[in-house]
Amino acid sequence: MRKMLLTTMTVSLVGLWACAPATTDAPPPPVVSAPAIDGPADSAPAQKLTLGFAQVGAESDWRKANTESIKAEAEKRGHELKFSDAQQKQENQIKAIRSFIAQGVDVIAFAPVVETGWDAVLAEAKAANIPVILSDRTINTQDETLYTAFVGSDFREEGRRAGKWLAEKTNGEASILELQGTPGSAPANERKAGFAEAIADFPNMKIVKSQTGEFTRAMGKEVMEAFLKTPEGQGATALYAHNDDMAIGAIQAIEAAGKKPGQDIVIVSVDGVKDAFLAIQEGKLNCTVECNPLLGPPIFDLAEKLVAGEQVPKITYSEEGVFDENNYADVINDRKY
Amino acid sequence: MASLGRIVSSRHFWPLLVFVLTLLLLRHLSTDFFSISDGRVYGSLVDVFVRGSQVMLLALGMTLVIATGGIDLSVGAVMAISGAMSAWLLTAHEASAGVAIAGGLGVGAVCGLWNGALVAWFGLQPIIATLILMTAGRGIAQLITDGTIITFHHAAFEALGKGYALGVPISVWLVLGMLLVIGAVVDWTNLRLSIESIGSNATASRVAGVPVARVRLLVYVVSGLCAGLAGLINAANIAAADANNAGLYLELDAILAVVIGGAALSGGRFSLTGALVGALVVQGLTTTILTSDVSVHATRVVKAVVVVLVCLLQSPAFRARLQRMIRRRP
Amino acid sequence: MRRLLGPRMLPLAATGLVVVLLYLAAGAKFHDSNWFTYRVLRDLVVNNGVLGVLAIGMTFVILSGGIDLSIGSTVAFVGILSATLLGQGWSPPAVITLSLVCGVALGALMGWLVASFDLPPFMVTLGGMFLMRGVTLLINDSQIAITHPTYLASGKWPIHPAAGAWLIALVVALYLLHYTRFGRNIYAVGGSEQSALLMGLPVWRTKVAVYACCSLFAAFAGVAQSFVSLSGDSTQGVAQEMDAIAAVVIGGTLLTGGRGYVAGTVLGVLILGLIQSAIIFANINSWWTRIGIGLLLLIFVLLQRAIQQRVDRQ
Amino acid sequence: MAQPPQPSPESTPLLSMTGIVKQFPGVRALDGVDFQVRRGEIHSLMGQNGAGKSTLLKVLTGVYTRDAGQMLLDGRVISPRSPLEAQGEGISTVYQEVNLIPDLSVAENIVLGRQTQRFGFIDWRAARRQADAALARLDLQLDVSASLNSYSIAIQQMVAIARALDEECSLLVLDEPTSSLDQQEVARLFGVLRRLRDDGLGIVFVTHFLDQVYQISDTITVLRNGRLVGEWPAAEFSRIELIARMLGRDPASLTEAEAGAAPPSPVAAAEAARLVAHQLGRRGQLQPVDVEVGAGEVLGLGGLLGSGRTELARLLFGLDRADSGRVELAGRAVRRGQPRSAIAAGMGYSSEDRKVEGIIPELSVRENLILALASKRGLWRRLGRAAQEALADRYIQALGIATPDAEKRISELSGGNQQKVLLARWLAAEPSLLILDEPTRGIDVGAKAEIMALVADLKARGMSVVFISSELEEVVRSSDRIMVLCDRAALGELRGESKTEQAMLARIASAHQEVSGG
């Protein structure tokens, strides 16, 4: 009898087994390769659509603002939103996307946790003729037709802007500490590369120490503490943090070391969240390169167009600024996140 | 010679030796090992203690749990819950620091009570009983924070993580206070005897009248309290409650600390200071690697080697084999 | 039928019933959103295939009375190793063989430490976990795409790699546990190590082999993962060992060893998967998944304990 | 005085162990022991606990490796390093506790490690056939696919024997195989053993039941303190001489000592009952029974192993949860299943299982000694260190506990001294009623006498005692009244004149006849 149950199990598993996604010859989605600055077209209310959004998690203030923007926009436009928080795990995100496909949503959007490993599940979406919008992070794939559009920031450009700003501020002379983001994530990779590009022209700008701070305040603080107790760290004149949270953590460490953040060490970071503006106001942070989390409107713009059968641009970058003590006051009061 | 032998075979010798060696290396690498500026202690040495304070607190509770032959996998999750609770009280209810601290500690104790009840009253294996809260705990914490990171600005509360008293970081005082309180309670009552006897032979302890269930319940509550306090320090340190990352994998570090500190995972004799030294070894390694140019990932490899070495050194079978090998050579 | 409702099989039958009920209950709630489709069932298998393989390996160790915390890290290690070597022009068979050999070597090392020096498996495999994750991150701390044609072609296989791997693992495990002396010795060692020793069973060898076997399954899961995701990712499999343990326990295997079935583990994985699917379908916050799994774990463990006590009293 | 007979030249012994030495830290467990077993012989190995019997068997079966000496089986030199290797040499063993895997089926337990395989698959049908055949040799018919733990301990023991016989073996070692069997089962086992002997097997038999030794043995070897005392044909070796050899005494002096045993003390006159248990029972353990023990009275519980005497003690103390009945001590009700309540009421219980239910191995003598008192005072009221040390020193002196100091780990003490520490643990807690379950088991004669004297002393000081021992003579000597138990039920009481060993045996024997007759 035991054997019978085992056999039943095996048989049912075989019965359930999964075929690989059937290859369909869906027409390739429209490709508009020219980067376009978004202009949320206040078009007439589109038909009600269902969008499945697989979020990374809730790891930072930036992410929180991102989530809220998407949720608010869905409500505002009267669309149905299926939202899933992957708790920073790719496998959870893949499960969510598969579930969206099974539920037959009109459009899938997601912010990929990591860059690789999406081909199989996106092929399934493609086979089911569901367009996919990447939000805020890109993926690394051989087959660019696996996703329809990308909405978000140009991380490499952010890195470049941070580098440029720092070069101007320090007249091309700085020994720099770098706090990297989560190893392997697109923003960490790209912001590092862009920054390196920008300072490559300045022979007297050198990154003297670089470690991961995992995008969190706690790690940013701990790593900075350790940096400051090394010969390189003591001589450092600038800090580049891949996000504001790490910079805020690092500011605490610098203060504890008896130095003045913003003066003894010039600090530039990326994201542009409210706490960063407050820090600029206090003179502890010098510059934050904005990375706009308010992706709800552009995502739904694209989704509406896709459902209506219109062509959409492949890449849509958000409009973003660079803020330092000269211009932070323009936006600080409007920042909700 | 005999006394040297006794020192070497003492349970604190090896962890202390490793800690001292780590500190020497750190001192060599660090340009600012220890100093006093503005009446405050400062330097890499201080960092080790401050950063290690959370694991030290966890290790204090974990020592008692392990001494009864149990284990508490949920402490990392409990840290997240207590941090979330106090941040929620601070922001949503604009509570005072005192209320927030009490709330965080209270919720930690309740978590401990839950674990203890499952172990002591329902007779579940500790590893499973606490795995339940380990799994569900971060979910509960996110329920409190509504899935976001709650940031707050509250100087009095933040002092728990960043403040100084008499020139020494408050978090270090908290560890010291906890050590003294637990140490005093354990040694001035029958608790140490009861805990050690349960860990050594629970059946015989019951026959001898030791209140086995009550002691087990108590150690899990203490562990929950310690985790709660560690969670508060964690939240105060970054002025935010991060349900996802607060105390992530710290339960493993705490268990590691206790074992490095010389306790057997099977229960029995325990030493609170040993556990603290164990925690400091773990943190000392991390800080040293962060200070050096070695990739931070190497920390894990070093930890792996330390775990296995410490376990081997404690293993009677390994010691016997080692002695045979030494004796064979003249 | 009598045996099915007998004390030994009852928990397994009950677990199977729970899977069906859970599926139907979720269906009653989501009947208008394609719950009763082939695709949902397919996804259940495909999504959880890798975890399924890991949990099957974990079943071996837990049946022997041990535990293995290193498996999640092993998955990441194999992924990064495969991607790196494939990038350097190694052939897939060589890469897969090397991955499996690495798994067996790690497992045998941990098993040797546990069996020869009587070290606690929890600590030894914790060391294994730190070691594998550390080595993985030192090799490469981000992701590497796999572009080898053999791997890319796996999308056109008649069976999804994750499902295939799960099936293979299940068949191999059923064979090993129920039709070889090694498998029966695992039950014996888990049931009573002392007795097994006195019965003249090869306890030492069994213990070493059990850990080697579990790590082999983990490495196999890693290979499957690299086919599924076409990449190596150093953050893959974080905390997956805990999910595997939960699945094994929900599947009715006693953590003290000696009692349980692979089939139960399969059911346990399916239950975890169903909860997660249902919560995504219900469009409620994903943290309920963790709470749900925790609660379910609690209910199952208490239930098993109650059954156990009834059986023991008889 | 009988001399060990020389083995006849034509029969080379099946097993020949010579000069076996086994050293443990601090103890020489075996000191040059010689032991021989011939084909077609049942050979009893006798000796007190600690004589070296089990160490010798463990050396023989590969659990321990010997430090010196030689082992020959069938003329071949053997040195098994594990039970597996010993089995390979043809030595099969059945242990005192059932050493099988309770969760696996009967068939599996018999064939485990020797399953027939076909094409790399275990042939389960063959396994069941093999198991059926093995059980048939013992005239047993069981459902071999049912799990082992669905059968009684006795059946499990028979399964263990079936497993041992199923192996290709020339030497069968039985280490106290009968301790959990009833008479019928013993008779059946002995029938099987005789048949095996006639088939030419050599059998080593260890038991503490003297009757059984004489029923079954051809030869008896006696060990004492790790040395060989001698080997005798069972037929020429009287019981009294056997006991004398085991105790290392002159047979003549033993009879005198018994004759001079103290006369039974008079029953304590109509004193208020201190312990009252009414209809105390638990399904499968003990049929409901009434018990009364007065102040300063010693109640002996007489009966064989498994008669229900230990079960009664455990129910009185609350270690097992009673299904029925209630217990009161000095008017205070004791809550069911709660030893702490019993201790609070003034009870103490020294368990027969010293290792599992007695000592706390990692703790010191002092800590072990104060444990019950400390627990009685409650978690929060600690006994001062000085008071602890004073207490420990007092009892170390009073009971003559051989330890260098009170801080030595109890696990490093000898069995007798551990037992004394456990007694001291209870005495320190000052109970009004002390239950002593086999307090003299596994300790040397001197310590036995001291403990017996101690019981008398306690009684004189007004403490009530419930006394359990396998040695009937001890029960008779120390008790005021004896409650006789058999088959998990009370048969009645013996007091005054009728309180003799013969009367007890008669009661038990008649009960057995009734049982087997009905």
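**Entry 1: domains of chain A**

I looked up the area buried between domain 1 and domain 2 of chain A in this predicted model. It is about 1500 Å², with 55% from carbon and sulfur atoms. Buried area here is the accessible area (1.4 Å probe) that two parts lose on being put together, summed over both. Domain 1 covers 11-153 + 292-324 and domain 2 covers 156-291; these bounds come from an automatic or database domain assignment. I find 15 residues of domain 1 of chain A in contact (heavy atoms within 4.5 Å) with 22 residues of domain 2.

Ground rules, noted once. Local features need pLDDT of at least 70 and side-chain atom pairs pLDDT 80 or more, while totals for chains, interfaces and linings use all residues. Residues are numbered from 1 along each chain as written, chains are lettered from A in the order written, and side-chain values use heavy atoms, without hydrogens or water.

**Entry 2: chain interfaces**

I took chain C against chain A next. They bury about 4700 Å² between them, 58% of it on carbon and sulfur atoms. The contact joins 58 residues of chain C to 51 residues of chain A.

Then I checked chain B against chain A. This pair buries about 2600 Å², with 46% on carbon and sulfur atoms. Tyr42(B), Arg51(B) and Leu290(B) supply 23% of the area that chain B buries there, more than any other three residues.

**Entry 3: helix pair in chain C**

I looked at α4(C) (residues 92-117) and α5(C) (residues 121-139). Helices are DSSP runs (H or I, at least four residues), numbered from the N terminus. The two pack at about 150°, axes 9 Å apart. Axes are lines fitted to C-alpha atoms over the stretch in contact, and angles run from 0 to 180 degrees between N-to-C directions. The pair is therefore roughly antiparallel (over 145 degrees). On the α4(C) side I list Leu106(C), Met110(C), Leu113(C) and Val114(C). The α5(C) side includes Pro121(C), Val124(C) and Leu131(C). By class, the contact has eight nonpolar, two polar and no charged residues. Nonpolar means Ala, Val, Leu, Ile, Met, Phe, Trp, Tyr, Cys and Pro; charged means Asp, Glu, Lys and Arg; the others, Gly among them, are polar.

**Entry 4: helix pair in chain B**

I ended with α3(B) (residues 44-67) and α12(B) (residues 250-260). They pack at about 65°, axes 8 Å apart. Among the contact residues are Leu58(B) and Met62(B) of α3(B), and Ala254(B) and Val258(B) of α12(B). I get 10 nonpolar, two polar and two charged residues in this contact.

Note on methods
Parallel < 35°, antiparallel > 145°, perpendicular 65-115°, else oblique.
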